[in-house]
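Visitor: I have a structure to go through with you. Could we discuss the strands and then the ligand surroundings?
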Amino acid sequence: MSKHRVAIIGAGASGLTSIKQCLDDGFEPVCFEASGQTGGLWRYTEIDDKNHDPHSSIYKTVIINTSKEVMSFTDFPVPYEWPSYLHNKAVAMYFDMYMEKFNLLPHIRLNSPVQRISIRDNNKWNVKYLNENKEECDEIFDYVMVCTGHHRYPRLPKYEGMDTFPGKQMHSHFYRRASDFDNKRVVVVGCGNSGMDISVELSGIASQVYLCARRGTLPWILPRLVFGNTPIDHLQSRINLYLPLFMKNLIIKIITRISVGPHPKGFKPKSKPTEGHPTVKTEFLERVHTGTIICKPNIKELRQDNSIEFVDGSVLEDIDVIIYATGYNIKFEFLDKEIVNGGKEIGQQFEEEYRENLVWLYKYIFPPNVPNIAFIGLIQAIGALMPVSDIQAQYVTSCWKGLLPKIPSPVEMDADIRRNQREIRKHFYSSARHTIQADMYSYLDELTKEMGSLPSLARVLMTFGPSLWGHVLFGIPTPIHYRLFGRLSWKGASEAITKYNGGPNYKPAIVIFCVAFYISYLIIKRTI
Ligand SMILES: Cc1cc2nc3c(=O)[nH]c(=O)nc-3n(C[C@H](O)[C@H](O)[C@H](O)COP(=O)(O)OP(=O)(O)OC[C@H]3O[C@@H](n4cnc5c(N)ncnc54)[C@H](O)[C@@H]3O)c2cc1C
Ligand SMILES: NC(=O)c1ccc[n+]([C@@H]2O[C@H](COP(=O)([O-])OP(=O)(O)OC[C@H]3O[C@@H](n4cnc5c(N)ncnc54)[C@H](OP(=O)(O)O)[C@@H]3O)[C@@H](O)[C@H]2O)c1
């Protein structure tokens with residue numbers, strides 16, 4: 001019998017792991033990649049005359065915010081000897097190693113942008129694309145996996161005077177290096193990871209950097225490392241899933257206060273740490289305290305004399321550049337919008353900004369009413385995206401092979417999306433960047449439970465003994481845990497988990513952390 005053909009659109013982290021999963025599960029993947037390279041936004045791309053608006057690319061200095069153990073694909077650990085946090089070149093190199101190990105390149109067609117996909121009467125998909133010679137081609141596939149990322153279309157705010165402001169205005173999408181801003185007076189708008197990162201980077205080279213926070217407050221800012229050398233995401237051990245929310249918030253507040261210092265006066269966060277996507281930038285508050293970054297509230301008006309007025313009435317003169325680090329719009333130009341956002345009627349139930357980025361997909365993967373298409377990586381995980389895409393791809397091929405216990409009807413999917421949206425809106429403050437927000441581990445538990453690969457504690461203890469049980473419950477929360485069991489289990493998983501945790505002797509880190517947090521809490525209670 002001939003294999004089912006799957007069109008995979010995009011060869012970034014999500015596309016690569018989808019190809020691998022299709023191969024593992026006996027599908028025939030064909031991956032279309034618009035650019036001439038793989039790795040997606042982790043492959044640095046220069047902006048020049050030939051390529052003035054690349055799909056998406058990290059800027060020169062980006063270091064990943066998620067530790068190597070947490071960002072690892074589930075059956076291919078980032079080399080043990082590599083540093084905890086990888087520079088973008090190393091991330092791209094890791095993807096190359098993954099591609100080589102599983103021989104993915106023969107399944108990728110580079111320089112082949114997909115222009116349009118449409119479903120046919122027989123539920124197969126027509127994929128219209130340009131081939132390497134820029135000729136229009138059509139091909140029929142049984143399934144489609146959309147892996148094009150969601151950091152492509154800049155979101156811009158609307159301010160009075162934007163059209164006539166004589167200074168330079170740009171989105172962080174087009175930012176590449178600090179040296180372009182030597183001696184400039186720069187206003188960075190937005191305090192997500194791009195805004196924080198760019199303002200810190202510029203603070204050493206621009207004549208003055210201002211960071212504009214539209215809510216008038218800064219987010220909670222986390223350090224990369226705690227206790228000197230522990231990646232902060234290592235504290236997200238499985239045991240955290242059992243902690244009440246107030247404890248998690250307290251722990252984050254204590255860590256923040258000790259590791260990055262107090263927020264500037266008037267800019268203290270109003271929301272709780274778990275109510276927003278985390279911002280990781282150890283040096284940001286330090287730079288604020290040195291005066292090289294000055295925080296401002298939202299902009300009221302941009303003026304023709306290069307000045308900017310803010311909502312508190314203050315005015316900044318002689319601004320050379322405004323960098324809008326204001327996030328991205330979720331858009332797929334080769335696909336009907338309604339497939340992703342559920343249509344106008346659903347959208348009307350949400351306020352405008354949220355609606356613009358609304359995603360109406362079951363488990364962030366399947367549109368309820370359109371068959372044989374899946375979205376991979378269309379999620380903003382608190383954790384790392386690579387393992388999330390990896391497990392989503394496993395879930396999709398399991399579903400298409402009929403191996404999930406139950407595939408819900410469109411009505412049930414719809415109800416589940418609605419429930420999930422209610423949860424998101426209860427848990428996170430309303431913002432365009434929170435429409436696809438999820439906690440990596442709760443989400444992956446949900447998917448792997450259905451696939452039979454959830455590393456339940458009793459099962460780990462009984463199968464692998466107390467040492468590995470300790471690592472899974474209290475140790476580094478590597479997603480390799482999700483390869484211990486099930487039909488897609490990997491025989492190297494237990495060894496990899498043990499190696500990442502520094503050997504087979506489980507140390508009761510949790511006891512040490514609890515005592516440390518409790519003492520810190522007592523100290524801080526007197527000072528905050
Ligand atoms: C500055 C920045 C820093 C980040 N840092 C982190 C981090 O620290 N940790 C983390 O987990 N995540 C981080 N992310 C999130 C990031 O999105 C993921 O890490 C991951 O790279 C997304 O992979 P992807 O394959 O889904 O999308 P992308 O990497 O965007 O890849 C999509 C691919 O699809 C291709 N494509 C697009 N349209 C078409 C088309 N029509 N036809 C064919 N091909 C097409 C593109 O050319 C591209 O190669 C960061 C994002 C940004 C913007
Ligand atoms: N590894 C790294 O070092 C690194 C570096 C950069 C980015 N990233 C990742 O890349 C992704 C994108 O990050 P991002 O920072 O570019 O975007 P983002 O997370 O969407 O943050 C956008 C910021 O802009 C603000 N904003 C949105 N609309 C605005 C408006 N109309 N006016 C004023 N402010 C507005 C948002 O405020 P509200 O909160 O009020 O909505 C938020 O502070 C994230 O996943 C991030 O983690 C990682």
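Visitor: What sort of unit do strand 10, helix 4 and strand 11 make?
Guide: In this predicted model, strand 10 (residues 185-189), helix 4 (residues 193-203) and strand 11 form a right-handed β-α-β unit.

Visitor: In which sense do strand 10 and strand 11 pair, parallel or antiparallel?
Guide: The two strands pair in the parallel sense, over 5 bridges. Within that pairing, Arg185 stands opposite Gln208 of strand 11.

Visitor: And how many bridges join strand 11 to strand 16?
Guide: There are 4 bridges between strand 11 and strand 16 (residues 293-296), and these strands also run parallel. One residue pair there is Leu211 with its bridge partner Cys295 in strand 16.

Visitor: Changing topic: which helix gives the most to the shell around ligand 2?
Guide: Helix 4 does, with 4 residues. In total, 24 residues surround ligand 2, and Pro157, Gly190, Gly192, Ser194 and Gly327 are the closest.

Visitor: What is the make-up of that ligand 2 shell by class?
Guide: The shell around ligand 2 has 13 polar, 6 nonpolar and 5 charged residues.

Visitor: How many residues surround ligand 1?
Guide: Ligand 1 is surrounded by 33 residues, the closest being Gly10, Gly12, Gly40, Gly149 and Gly377. By class, that shell has 17 nonpolar, 15 polar and 1 charged residues.

Visitor: Where does the largest share of the ligand 1 shell come from?
Guide: It comes from helix 1 (residues 13-24), with 3 residues.

Definitions and conventions
Residues are numbered from 1 along each chain as its sequence is written. Chains are lettered from A and ligands numbered from 1 in the order in which they are written. This is a predicted model: local features need pLDDT of at least 70, side-chain atom pairs count only at pLDDT 80 or more; totals for chains, interfaces and linings use all residues. A residue is near a molecule or strand if its C-beta atom, placed from the backbone, lies within 6 Å of it. Ala, Val, Leu, Ile, Met, Phe, Trp, Tyr, Cys and Pro count as nonpolar, Asp, Glu, Lys and Arg as charged, and the others, Gly among them, as polar. Two strands pair if DSSP finds at least two bridges between them. A crossover is right-handed if, with the strands pointing away from the viewer, the path from the first strand over the helix to the second runs clockwise.
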